[in-house]
Amino acid sequence: MNDLSLTILPEAAGDAQAVERLHERTFGPGRFVLSAYRIREHVDHLLDLSFTARIGTLLVGSVRQLPILIGDTPALLLGPLTVEPPFRDRGIGRLLMERALKDAKAKGHAIVLLVGDEPYYSRVGFKQVAKGRVTMPGPVDAARILVFELVDGAFEGVSGQVGPDWSKVRG
């Protein structure tokens with residue numbers, strides 16, 4: 001990171017507006033039609049498992065996780081993960097993911113799912129889900145559904161439709 005100090009901290013409620021502006025800049029308006037966003041419409045991300053990356057006071061990256069069900073099995077959905085374009089290719093995304101996964105495991109979660117590029121996410125251990133085993137709401141390329149087991153064997157026998165964990169729905 002050169003001589004700039006990077007800080008990764010749990011997202012705070014006051015970060016919401018800055019994170020949303022980051023999402024606007026990096027993903028644009030098309031983000032709202034993605035399958036993962038359909039789930040995010042109903043359940044809030046977990047602040048204690050979502051993180052921001054800052055250089056000084058400048059927000060340069062963010063990752064969020066929210067509670068989902070795969071069939072009847074509780075899991076987390078990781079994303080969106082984004083880093084400001086001028087700060088990409090410096091390992092910030094990887095550090096955000098590693099922190100998110102480490103804290104999720106420490107808090108007793110067993111499975112993390114995401115929709116993304118396998119070559120990128122496999123670097124931290126995500127694996128492609130067998131086609132048809134997990135379905136998302138709306139259209140999604142099955143090859144982009146990836147899973148990370150925080151507990152060995154946690155994904156064995158898990159299949160079904162992905163949806164919000166309604167026990168965590170915002171009122």
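I began with contacts, where contact means heavy atoms within 4.5 Å. With a separation of 6 or more, 69% of the contacts in the chain come from residues 24 or more positions apart.

I noted the ground rules next: this is a predicted model, in which local features need pLDDT of at least 70 and side-chain atom pairs count only at pLDDT 80 or more, while totals for chains, interfaces and linings use all residues. Residues are numbered from 1 along each chain as its sequence is written, and side-chain values use heavy atoms, with hydrogens and water left out.

**Entry: whole chain.** I looked up the secondary structure (helices are DSSP runs of H or I with at least four residues, strands are runs of E with at least two, both numbered from the N terminus) and found 4 helices and 9 strands. Read from the N terminus, the order of elements is β-α-α-β-β-β-α-β-α-β-β-β-β. For burial I used relative accessible area, with buried under 20%, exposed over 50% and partly exposed in between (1.4 Å probe, protein chains only); of the 171 residues, 43% count as buried. The accessible surface, from the Shrake-Rupley method with a 1.4 Å probe and, for residues, only the protein chains shown as cover, comes to about 8,700 Å², and 54% of this belongs to carbon and sulfur atoms.

**Entry: strand 3 and its partners.** Which strands pair with strand 3, given that a pair needs at least two DSSP bridges? Strand 2 runs antiparallel to strand 3 and is joined to it by 5 bridges, with Thr52 opposite Ser62. The hairpin of these two strands has 2 residues between them, and Gly56 takes a positive phi near 65° there. Strand 4 also pairs with strand 3 in the antiparallel sense, over 9 bridges, and Pro74 is the bridge partner of Leu69. In the hairpin of strand 3 and strand 4, which has 2 residues between the strands, Gly71 takes a positive phi near 65°. Strand 9 (residues 160–164) is antiparallel to strand 3 through 3 bridges, and Ile70 stands opposite Val162. I also checked burial: 11 of the 13 residues of strand 3 are buried, so this strand is largely enclosed by the rest of the structure.

**Entry: nonpolar cores.** I took a core as a set of buried Ala, Val, Leu, Ile, Met, Phe, Trp, Tyr and Cys residues joined through side-chain atoms within 4.5 Å. The largest has 26 residues, of which Leu78, Leu96, Leu101, Val112 and Phe126 touch the most other members. Elements that each supply at least two residues include strand 3 (58–70), strand 4 (73–83) and helix 3 (92–106); helix 3 gives the most, with 6 residues. A second, separate core of 17 residues includes Ile111, Leu113, Val134 and Ile145.

**Entry: aromatic pairs.** Rings of Phe, Tyr and Trp (its six-membered ring) pair if their centres lie within 6.5 Å, with planes under 30 degrees apart counted as stacked, over 60 as edge-to-face and the rest as tilted. My search of the whole structure gave 3 aromatic pairs. Tyr120 and Tyr121 are edge-to-face, at 4.9 Å centre to centre and 90° between the planes. Phe126 and Phe148 are tilted, at 5.4 Å centre to centre and 50° between the planes. Phe126 lies in the loop between helix 4 (118–121) and strand 6 (127–128) and Phe148 in strand 8, so this pair ties together parts that are 22 residues apart in sequence. Both Phe126 and Phe148 are buried. Ring pairs link Tyr120, Tyr121, Phe126 and Phe148 into a cluster.

Methods
Pairing = 2+ DSSP bridges.
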